[in-house]
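Begin with the sequence and structure shown here.

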Amino acid sequence: MPELIFLGTGASTGVPILSCNCDICKATDPYNKRLRSSVLIRSNSTNVIIDTSPDFRAQCLREKVDHIDAIFLTHSHTDHILGLEDVRSFAFTSNKPIPIYCNLPTLLEIKNIFPHIFEKTKSNSNLPTLNILEVKDVSQVGKLYFSSLQLIHGLSYCTGYKVGNLAYLVDVNFIPQKTMERLWKIENLIIDATQFESHFNHFSVMQVIEVARELHAKKTYITHIDHSISHNRDSEKLPQGFQFAYDGLKIIFSLQE
């Protein structure tokens, strides 16, 4: 059975936050230690990463990731892409190009942010090849099929991904109707709710509960969490079928929709 592993479940600053002395940032509870949000999807010998956070190297070492077959990016905010620098190590080892899928605005921004990776010159011709590609409605990696889902993140678009009976939606505060229809009765919904309070760019916990109930999602995992949420204390506030994700959590899912 394929599985999804949460490499990180934190918001853009991670938890603990540098220089913060709040109770959660000072706590020793491992469930409140959150690297920046990213996941690994494994099926047989296929490894696919969604988002390469600034903590990407540490995350891969923790989960003993020895190869990557493809990467899907949700958008170009730095907490979701800066780990691309470390992806090159996997390309060196495999000696083959690693495809990176994203929407067109993200593709253009990535090439601008990392010109030394994607623009081959004599001075950097020894760099491994990372192929950045515009994501399709459905993209195949091994026996995995990733459907792209348009989301709204503040004033910009973001891409969610659906594979089998699982969907991964981060950095989102509005889901267009067409995307809602494609998520109807999703078995495993992984979705961003940074805090309980309302936020301009992200769903709140209560908004996620409303969305998941509208979709009739069977199980909902909340990720991209900031330091205002304590895993053990606040888990009691969630209704049945909802769970705060944590770093290292594994989900077994089906490739059948």
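## Terms and basis

Two strands pair if DSSP finds at least two bridges between them. Helices (H or I, at least four residues) and strands (E, at least two) are DSSP runs, numbered from the N terminus. The model is predicted: local features need pLDDT of at least 70, side-chain atom pairs count only at pLDDT 80 or more, and totals for chains, interfaces and linings use all residues. Residues are numbered from 1 along each chain as its sequence is written, and side-chain values use heavy atoms, without hydrogens and water.

## The sheet

Seven strands form an open, mixed sheet, ordered β7-β8-β9-β10-β11-β12-β13. Its edge strands, β7 (138-141) and β13 (242-244), each pair on one side only.

β7 runs antiparallel to β8 (residues 144-153), joined by four bridges. V138 has S147 of β8 as its bridge partner.

## Around β10

β9 (residues 156-163) pairs antiparallel with β10 over three bridges. K162 stands opposite A167 in β10. Two residues separate the strands of this hairpin, where G164 takes a positive phi near 60°.

β10 and β11 (residues 188-192) run parallel, with four bridges. L166 stands opposite N188 in β11.

Both faces of β10 (residues 166-169) are covered: L166 and Y168 are buried on one side, A167 and L169 on the other. Buried means under 20% relative accessible area, exposed over 50%, partly exposed in between (1.4 Å probe, protein chains only).

## Helix α5

In α5 (residues 104-113), T106, L107 and I110 are buried. On the other side, L108 and N112 are exposed.
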